[in-house]
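Colleague: Hi! Could you walk me through this one?
Modeller: Happy to, here it comes.

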Amino acid sequence: MAAEDLYLKLDSDTWKEFDFDDTNGITGTVYTDRAMSSAKNLTGFTLTFKLYRRWHRVSRVEQTATIVVAASGTWKWLPVEGDIPINGFYNAELEIADASGIKKSTKNDVEFFIKGGP
């Protein structure tokens, strides 16, 4: 894997607790520059979406994400009941792995809020 940095941009920084509609996933784009102007081509990679509590790096979510358009760096993750933690503030991260298993994570802090439901 190239020695480039990866940056994550979420399409929305909020998700409503218990909203498991299959069209209401968490989506975003991976970029190769801090200005978020050059999308990472995700062809041949596997993706893992992660959520951490804001103040420590204990993973609350670590689930496989799906590539939407590889050349555009876009992806999605559709949470199902039991996959996502309770309401609160989290940091989101996306990890990409190449075919040989070498992993690299996005390096920017991306705040994510799970809003209480129902």
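Modeller: Let's start with some rings: F49, W75 and W77 form one aromatic cluster. Keep in mind that this is a predicted model.

Colleague: Okay, what is the mean pLDDT of the protein?
Modeller: The mean pLDDT is 88, and 93% of the residues reach 70 or more. Among the elements, strand β1 has the highest mean, 97, while strand β2 (residues 14–16) has the lowest, 82.

Colleague: Back to the rings. How many aromatic pairs are there?
Modeller: The count comes to three aromatic pairs. One of them is F89 with F113, a tilted pair with 4.6 Å centre to centre and 35° between the planes. This pair links distant parts of the chain, with F89 in strand β7 and F113 in strand β9, 24 residues apart.

Colleague: New topic: which residues have the most contacts inside the largest nonpolar core?
Modeller: Those are L10, I26, F49, L51 and W75, in a core of 23 residues. Several strands each supply at least two residues of this core, including β1, β3 and β4. Strand β7 gives the most, with four residues.

Colleague: And where is L47?
Modeller: L47 is in strand β4. With a relative accessible area of 2%, L47 is buried.

Colleague: What does L47 touch?
Modeller: Leaving out residues up to four places away in sequence, the residues that L47 touches include L42, I67, W75 and L94.

Technical notes. Residues numbered from 1 in each chain as written. Predicted model: local features only at pLDDT ≥ 70, side-chain atom pairs only at ≥ 80, totals over all residues. Heavy atoms only, no water. Core = buried A, V, L, I, M, F, W, Y, C linked by side-chain atoms within 4.5 Å. Buried < 20%, exposed > 50% of the residue type's maximum accessible area, 1.4 Å probe, protein only. Contact = heavy atoms within 4.5 Å. pLDDT = per-residue confidence, 0-100. Phe/Tyr/Trp six-rings, centres within 6.5 Å; stacked < 30°, edge-to-face > 60°.
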